[in-house]
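Dear colleague,

I am handing over the structure that I have been working through, and it is shown just below. After it I set out what was found, item by item, so that you can follow along in the viewer.

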Amino acid sequence: MIKKNDIIKIKITATTSEGSGIGRTDDGMAVFVKSAAEGDTVEVRIIKVSRNYCIGRLERVIDPSPDRCDADCPSYPACGGCAYRHITYPAECRIKRRRVTDAMERIGHIRTPVGQIVAADRLCGYRNKAQYPVAMGAGGLQIGFYAQRSHRIVDSRCCRLQPDTFADVTAAFDEFVTQYGISIYDEQSGRGLLRHIYCRAAEATGQIMVCAVINGETLPHAEQLVGMLCERLGENLKTVVLNINRERTNVILGSRCVPIYGDGYITDELCGVRVRLSAMSFYQVNREMAERLYRIAADLAAPDGKTVIDLYCGAGTIGLSMAGRAKRVYGVEIVPEAIEDARHNARTNGIANAEFFCGDAADLAEQLHKRGVTADIIVVDPPRKGLSSQLPHIIARNFAPERVVYVSCDPSTLARDCAVFEQEGYAVTAITPVDLFPRTHHVETVALLVRANGTV
């Protein structure tokens with residue numbers, strides 16, 4: 001019987017949804033190994049034994065997979081951000097497409113063929129947002145990312161996924177904290193001021209937002225911090241914001257933002273629409289691939305002359321990208337700041353046929369129905385947990401749209417929700433994975449559901 005600290009030799013034959021390799025012991029027990037590649041023969045030290053599986057630590061690659069490559073980041077795999085820096089990008093894309101297929105078939109019992117994944121052109125520097133936790137360690141200030149499944153910070157100031165300018169932001173904070181003795185938040189005691197550093201960049205305009213998440217109402221020497229950031233970022237620094245989070249929670253952002261430099265917003269351009277973004281607004285982290293995703297969504301929606309309801313609309317990006325073709329667009333989002341941004345974006349772009357509402361998606365869908373609003377097309381872009389349990393039924397029974405376009409960041413909840421739509425008389429007719437998150441285990445997917453008596 002296998003036990004902790006045993007060293008075994010296994011062949012890696014599959015990959016988990018989080019990117020770990022899967023092998024099996026001689027008696028068939030599954031072993032999960034981080035940074036192992038399909039096709040590897042590896043030597044593994046067993047670090048955890050459960051009833052149905054083991055977790056192993058990679059000790060040595062005996063016979064490497066044809067997909068294996070040298071990792072190009074010194075923080076990999078300790079940092080929990082990337083999952084696939086040890087394999088080639090084509091291999092990563094195959095795994096992600098298969099993940100979507102497996103979820104649709106196993107969870108949703110949906111046999112619609114999954115299309116080829118839309119691969120990214122850039123594998124590095126594509127993220128327009130970063131959230132850096134901070135801590136005071138034995139060696140001083142730590143700024144980086146949490147190791148997988150932990151709140152242990154791996155110091156990483158120059159992430160390969162982030163633009164180079166974000167490293168200038170972390171350097172400015174390091175200098176600021178050291179020079180002015182700013183206290184660092186401690187999760188155990190709940191004391192200390194600085195909790196996170198949050199950066200947002202607008203690729204089309206070059207504008208940068210810097211946000212300090214603090215356990216307090218004010219930041220001492222804030223003017224000096226702004227000066228240090230201006231010195232490093234120059235005219236690209238558009239705004240500096242304090243986010244107030246005094247709760248004993250692992251939620252990063254609090255509910256209130258206070259600009260201390262600029263107006264609290266940056267402006268980007270997406271699918272020809274100028275988009276204002278606050279710190280709290282949802283915005284896809286990969287602008288280039290988001291444009292490709294939204295164009296696919298628009299082609300599937302075919303909104304020409306139709307009424308569109310955009311649920312979980314964020315700053316209005318999907319709905320506004322379709323507004324030029326649609327008869328009418330209604331957007332729904334629960335974050336007030338995002339709705340303010342969506343309304344501003346409609347005005348700024350001269351879009352008069354879009355209206356936005358703040359509230360829960362299911363509740364507002366019910367209210368719109370009671371107001372007599374109808375929908376030919378409904379677009380949903382929910383968070384990772386997917387749609388609320390009642391929402392597919394509300395959409396199908398109250399609106400009965402011709403088409404539902406589902407943009408998903410989690411194949412499992414996509415499959416679950418699509419199965420509910422099928423019970424309500426919709427058929428999944430197209431599934432396209434789009435790689436917005438190269439080198440990580442995440443994959444975006446857009447699916448089209450058509451009412452049974454509708455047409456594709």
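**Salt bridges**

Lys238 is partly exposed, with a relative accessibility of 26%. Please keep in mind throughout that this is a predicted model. The side chain of Lys238 forms a salt bridge with Asp263, and the closest N and O atoms of the two are 3.1 Å apart. Lys238 belongs to strand 11 (residues 237-244), whereas Asp263 sits in the loop between strand 12 (256-261) and strand 13 (266-270), so the pair ties together parts that are 25 residues apart in sequence. Asp263 is also partly exposed, its relative accessible area being 43%. Salt bridges that share partners also join Arg122, Glu203, Asp268, Arg287, Glu288 and Glu291 into one network.

In total, the count comes to 31 salt bridges. One of them is formed by Glu92 and Arg439, with the closest N and O atoms 2.4 Å apart. Because Glu92 lies in helix 1 (residues 89-106) and Arg439 in the loop between strand 20 (426-434) and strand 21 (444-451), this pair ties together parts that are 347 residues apart in sequence. Are these two partners buried or exposed? Glu92 counts as buried, at 0% relative accessibility, and Arg439 is buried as well, with a relative accessible area of 6%. A further salt bridge links Asp155 with Arg157, where the closest N and O atoms are 2.9 Å apart, and Asp155 counts as partly exposed at 36% relative accessibility.

**A glycine in a loop**

Gly190 is found in the loop between helix 2 (164-180) and strand 9 (194-201). Its relative accessible area is 17%, and because the cut-off for buried is under 20%, Gly190 counts as buried. Which residues does Gly190 contact, once its neighbours within four places in sequence are left aside? They are Tyr185, Asn215 and Arg248. The C-alpha atom of Gly190 is also separated by 8.5 Å from that of Glu247, although the two residues are 57 residues apart along the chain.

**Cavities and a pocket**

The structure holds two cavities of 30 Å³ or more. The largest cavity contains about 40 Å³ of space, and its lining is made up of Thr15, Gly19, Ala36, Ala37, Glu38, Tyr84, His86, Ile87 and Ile95. These lining residues divide into five nonpolar, three polar and one charged. The second largest cavity contains about 30 Å³ of space, and the residues lining it include Phe282, Tyr294, Asp310, Tyr312 and Asp381. In this second lining there are five nonpolar, two polar and two charged residues.

The second largest pocket has a volume of about 540 Å³. It is lined by 17 residues, and those closest to its centre are Ser20, Lys34, Ile55, Gln148 and Arg149. Two elements, strand 3 (30-33) and strand 5 (53-63), each give two or more residues to the lining of this pocket, and strand 5 provides the largest share, with five residues. By type, the lining of the second largest pocket divides into seven nonpolar, six polar and four charged residues.

With best wishes

Definitions and conventions: Residues numbered from 1 in each chain as written. Predicted model: local features only at pLDDT ≥ 70, side-chain atom pairs only at ≥ 80, totals over all residues. Heavy atoms only, no water. 1 Å grid on protein atoms, 1.4 Å probe; cavity = no way out; pocket = protein on both sides within 12 Å on 5 of 7 lines; lining within 4 Å. Points joined across faces, edges and corners; volume = space filled by probe spheres on them. Nonpolar A, V, L, I, M, F, W, Y, C, P; charged D, E, K, R; others polar. Helix = DSSP H or I, 4+ residues; strand = E, 2+ residues; numbered from the N terminus. Buried < 20%, exposed > 50% of the residue type's maximum accessible area, 1.4 Å probe, protein only. Contact = heavy atoms within 4.5 Å. Salt bridge = Lys/Arg side-chain N within 4 Å of Asp/Glu carboxyl O.
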